[in-house]
Amino acid sequence: MKKTWWITLGVIVLLLGVFVWYKYFFVFGEGVKSGYLNYAIKKGYVFKTYEGKLIQEGFGRGKTGSITSYEFEFSVNDPEVFKQLETNSGKSFDLHYKEYKGALPWRGNTRYVVDKVVNMK
């Protein structure tokens, strides 16, 4: 009976570990977003994280031919990347990001984490 209990407990711990890895550490997607940097801030109560917002222009729903904007909210891990964003607010950026399935408090408030600046205009 004890052996069955330990095997069951081991399987549960293993499944829980796989779930946590998939939800918070597995890179679900990678890509580049382009747009104008609206803001870059450092905020948080316990974990001070770097956050930002990119405004993307394009054609969207609404009136035919009208230009609408899309917002891309992201977090930044690297202080050097944040410094570059902070000092160039309002400029056009191409940002490389990684998408996760969940956000961690010390990694940022969003599922999107920018890891480098590809281009700045």
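This is a predicted model: local features need pLDDT of at least 70, side-chain atom pairs count only at pLDDT 80 or more; totals for chains, interfaces and linings use all residues.
Thr-4 is exposed, because its relative accessible area is 51% and the cut-off for exposed is over 50%.

**A nonpolar patch on the surface**

Some nonpolar side chains show up on the outside. A surface patch is formed by Leu-16, Phe-19, Val-20, Trp-21, Tyr-22, Phe-25, Phe-28, Tyr-45, Val-46, Phe-47 and Trp-106, and together they have about 1300 Å² of accessible area. Tyr-45 is one of these patch residues. You'll find Tyr-45 in the loop that runs between β1 (29–43) and β2 (49–59). With a relative accessible area of 85%, Tyr-45 counts as exposed.

**The core**

Now for the inside. How many residues does the largest nonpolar core have? It has 15, and the ones with the most contacts inside it are Phe-74, Val-76, Leu-85, Leu-95 and Val-114. The elements that each give two or more residues to this core are β1, β2, β3 (67–76), α2 (79–87), β4 (92–99) and β5 (112–120).

Leaving out residues up to four places away in sequence, Phe-74 touches Leu-37, Tyr-50, Glu-51, Gly-52, Lys-53, Leu-54, Leu-85, Leu-95, Thr-110, Tyr-112 and Val-114. Among those neighbours, Leu-85, Leu-95 and Val-114 are also on the list of core residues with the most contacts.

**A buried histidine**

His-96 belongs to strand β4. Is His-96 buried or exposed? It's buried, with a relative accessible area of 14%. Its side chain makes a polar contact with the side chain of Glu-30, at 3.4 Å. Again leaving out residues up to four places away in sequence, His-96 touches Glu-30, Gly-31, Val-32, Val-113, Val-114, Asp-115, Lys-116 and Val-118.

**Salt bridges**

Side chains of opposite charge can pair when their charged atoms come close. In this model the count comes to three salt bridges, and here they are:

| Pair | N to O distance |
|---|---|
| Lys-53 and Glu-71 | 3.4 Å |
| Lys-53 and Glu-73 | 3.7 Å |
| Arg-111 and Glu-99 | 3.6 Å |

Take the Lys-53 and Glu-71 salt bridge, at 3.4 Å. Lys-53 is in strand β2 and Glu-71 is in strand β3, so this pair ties together parts that are 18 residues apart in sequence. Lys-53 counts as buried, at 12% relative accessibility.

Lys-53 also forms a salt bridge with Glu-73. That pair links distant parts of the chain, with Glu-73 in strand β3 and Lys-53 in strand β2, 20 residues apart. Glu-73 is partly exposed, with a relative accessible area of 40%.

Then there's the salt bridge between Arg-111 and Glu-99. Arg-111 lies in the loop between β4 and β5 while Glu-99 lies in strand β4, so the pair joins parts that are twelve residues apart in sequence. Arg-111 is partly exposed, at a relative accessible area of 31%, whereas Glu-99 is buried, at 14%.

Key:
Residues are numbered from 1 along each chain as its sequence is written. Side-chain values use heavy atoms; hydrogens and water are left out. Patches are made of residues with over 30% relative accessible area and no salt bridge: like charges are joined within 9 Å, nonpolar side chains (Val, Leu, Ile, Met, Phe, Trp, Tyr) within 5 Å. Accessible areas come from the Shrake-Rupley method with a 1.4 Å probe; for residues, only the protein chains shown count as cover. A salt bridge is a side-chain nitrogen of Lys or Arg within 4 Å of a carboxyl oxygen of Asp or Glu. Helices (H or I, at least four residues) and strands (E, at least two) are DSSP runs, numbered from the N terminus. Buried means under 20% relative accessible area, exposed over 50%, partly exposed in between (1.4 Å probe, protein chains only). A nonpolar core is a set of buried Ala, Val, Leu, Ile, Met, Phe, Trp, Tyr and Cys residues joined through side-chain atoms within 4.5 Å. Contact means heavy atoms within 4.5 Å. A polar contact is a pair of N or O atoms within 3.5 Å; within protein, one must be able to donate a hydrogen and the other to accept it, and residues adjacent in sequence count only if both atoms are side-chain atoms.
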